[in-house]
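Colleague: I have a structure open and want to learn how to read it. Where do I start?

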Amino acid sequence: MKKTVTLTLNGSTIMREVPVNRTMLDFLRDDLKLTGTKCGCGAGECGSCTILVNGEPVNSCLMLATDADGKEVTTIEGLSRDGGLHPLQKAFLAYGAIQCGYCTPGMILSSKALLDRNPHPTIDEIKKALSGNICRCTGYDKIFKAVMSVANGEILDDPVDGVWLQDDLPPRRCEEHKQ
Ligand code: FES
Ligand code: FES
């Protein structure tokens with residue numbers, strides 16, 4: 001059985017027929033070929049499939065595509081603008097907060113939801129907001145620093161010509177390792 005859904009996806013309105021048992025994750029990856037959203041566990045445990053639905057982070061592996069009807073959905077593909085990276089994407093690169101990258105889209109979208117509702121979070125608020133996103137590579141510290149750098153205005157919100165706001169960015173990782 002199928003149902004027609006109409007949603008705003010990354011700023012564009014789309015209408016599709018989807019099987020009523022299709023997950024949002026499969027709808028995005030398999031039907032729409034938006035493979036930036038990752039499947040880590042398929043069971044709501046890892047957060048790698050995080051998308052924003054009406055601005056709130058949601059595990060797309062636990063959501064039915066039909067439930068997106070009438071909603072505004074943002075995936076990692078929707079963050080870059082005019083070919084440039086979002087400040088959070090720049091910050092993750094600058095701080096080495098990416099290794100395999102599998103958790104990164106979910107981490108960035110959960111971070112975006114946090115900063116949209118709380119532009120100046122504490123480190124504890126960042127940790128809480130990302131508590132549903134598991135990373136097996138980075139050790140989290142660099143991820144938290146990357147999010148904090150955006151909150152602190154260290155990364156310019158310029159999608160095309162973004163440059164580091166402070167002379168000492170990106171961080172000197174070799175010196176950090178020696179400490
Ligand atoms: S794939 Fe959805 S939470 Fe892990
Ligand atoms: S960078 Fe590999 S899981 Fe996070």
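**Helix packing and the core**

Modeller: Start with one helix pair. The crossing of α2 and α3 is right-handed. Keep in mind that this is a predicted model.

Colleague: How do I describe such a pair?

Modeller: Two packed helices are described by the angle between their axes and the distance between those axes. Here, α2 spans residues 87-94 and α3 spans residues 104-117. Their packing angle is about 125°, and the axes lie 10 Å apart. That angle makes α2 oblique to α3.

Colleague: Which residues make the contact between α2 and α3?

Modeller: From α2, look at Leu88, Gln89 and Phe92. From α3, look at Thr104, Ile108, Ser111 and Lys112. By class, this contact has 3 nonpolar, 3 polar and 1 charged residues.

Colleague: What about the nonpolar residues elsewhere?

Modeller: In soluble globular proteins, nonpolar side chains tend to be buried together. In this model, the largest nonpolar core has 39 residues. Met24, Ala91, Phe92, Ile108, Ile143 and Ala146 touch the most other members.

Colleague: Which element gives the most to this core?

Modeller: Helix α5 does, with 5 residues. The elements that each supply at least two residues include β1 (2-9), α1 (24-31), β3 (50-53) and α4 (123-129).

Colleague: How many helices and strands does the protein chain have?

Modeller: The protein chain has 6 helices and 5 strands. Along the sequence, the pattern reads β-β-α-β-β-β-α-α-α-α-α. Of its 179 residues, 39% are buried.

Conventions
Residues numbered from 1 in each chain as written. Chains lettered and ligands numbered in written order. Predicted model: local features only at pLDDT ≥ 70, side-chain atom pairs only at ≥ 80, totals over all residues. Axes fitted to C-alpha atoms, helices over the stretch in contact; angles between N-to-C directions. Helix = DSSP H or I, 4+ residues; strand = E, 2+ residues; numbered from the N terminus. Parallel < 35°, antiparallel > 145°, perpendicular 65-115°, else oblique. Left-handed = near helix turned anticlockwise from the far one by under 90°. Contact = placed C-beta atoms within 7 Å. Nonpolar A, V, L, I, M, F, W, Y, C, P; charged D, E, K, R; others polar. Core = buried A, V, L, I, M, F, W, Y, C linked by C-beta atoms within 7 Å. Buried ≥ 20, exposed ≤ 12 C-beta atoms within 10 Å, placed from the backbone.
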